[in-house]
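Work through the exercises below with the model open. Try each task before reading its solution.

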Amino acid sequence: MQTVHIIFGESAYGSLRCAMKEEQVKIIGFPSLLGEGPIQNIHTETGLKNRLQWLENNYLFDTEDIERYKQLFETGLQQVEQIAEGSKIIIWTCENAAEQFGIRFVAKLLAGKRSHAMYVIPFSMFLNHIKVEIHGVKFVIQVK
């Protein structure tokens, strides 16, 4: 059974890839800024084009930024489409609007696919109990 992790934001994607580099898992990342701008039909060519135009007009995105955003988004779409039936899917998220939209967007993309199990892991569950290892010394931080 394949395990697939889905995460939102380039930085979070890179961090998860580093954390999981020894694991045999697939990691799918979507670009950030999902909570701002037009989202209607962003899974289609026209919808994504409208979104990219809005980002270019409202952010300091140059042509290179727009192309990178487009590539990351299209790659994420293709990778979600290619998730094998019966896979274990883990969606990493926070409680902000962008990532809450991301969860719903991915759920729409996954509609009709049969997965072995799907988990949504909110970052807030880590805030009360964090395990850290520094130079072989293990620390457990509990926030109350």
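## Exercise 1: A residue in a strand

Leaving aside neighbours within four places in sequence, Ile89 is in contact with Val4, Ile6, Ile83, Leu110, Ser115, Ala117, Met118 and Tyr119. The model is predicted.

**Solution.** 
1. Apply the cut-off. Buried means under 20% relative accessible area.
2. Ile27 is 62 residues from Ile89 along the chain, and their C-alpha atoms are 9.9 Å apart.

## Exercise 2: The chain as a whole

**Task.** State how many helices and strands the protein chain has, and give their order along the sequence.

**Solution.** 
1. Count the elements. There are 5 helices and 6 strands.
2. Read them in order. The pattern is β-α-β-α-α-β-α-β-α-β-β.
3. Of the 144 residues in the protein chain, 31% are buried.
4. Take the contacts with a separation of 6 or more: 60% of them come from residues 24 or more positions apart.

## Exercise 3: A charged residue without a partner

**Task.** Determine which side chain of opposite charge is nearest to Arg51, and what backbone atom the Arg51 side chain reaches.

**Solution.** 
1. Locate the residue. Arg51 belongs to helix α2, residues 45–58.
2. Look for an opposite charge. The nearest such side chain is Glu36, 7.1 Å away.
3. Compare with the cut-off. A salt bridge needs a nitrogen–oxygen pair within 4 Å. Arg51 is buried and has no salt bridge.
4. Look at the backbone. The Arg51 side chain reaches the backbone oxygen of Leu33 at 2.2 Å.
5. Follow the helix. α2 packs against helix α3 (residues 63–81) at an angle of about 145°, with the axes 10 Å apart. Arg51 takes part in this contact, on the α2 side with Leu48, Leu52, Leu55 and Glu56. On the α3 side are Ile66, Tyr69, Lys70, Phe73 and Glu74. The crossing is right-handed.

## Exercise 4: The salt bridge

**Task.** Find which residue forms a salt bridge with Glu10, and classify the exposure of Glu10.

**Solution.** 
1. Count first. The model has 1 salt bridge.
2. Name the pair. Glu10 pairs with Arg68, their closest N and O atoms being 3.9 Å apart.
3. Glu10 is in helix α1 (residues 10–19) and Arg68 is in helix α3, 58 residues apart.
4. Glu10 is partly exposed, at 28% relative accessibility. Arg68 is also partly exposed, at 47%.

Conventions
Residues are numbered from 1 along each chain as its sequence is written. This is a predicted model: local features need pLDDT of at least 70, side-chain atom pairs count only at pLDDT 80 or more; totals for chains, interfaces and linings use all residues. Side-chain values use heavy atoms; hydrogens and water are left out. Helices (H or I, at least four residues) and strands (E, at least two) are DSSP runs, numbered from the N terminus. Buried means under 20% relative accessible area, exposed over 50%, partly exposed in between (1.4 Å probe, protein chains only). Lys and Arg count as positive and Asp and Glu as negative; His and the chain ends are not counted. A polar contact is a pair of N or O atoms within 3.5 Å; within protein, one must be able to donate a hydrogen and the other to accept it, and residues adjacent in sequence count only if both atoms are side-chain atoms. Axes are lines fitted to C-alpha atoms, for helices over the stretch in contact, and angles run from 0 to 180 degrees between N-to-C directions. A crossing is left-handed if the near helix is turned anticlockwise from the far one by less than a right angle, and right-handed if clockwise. Contact means heavy atoms within 4.5 Å.
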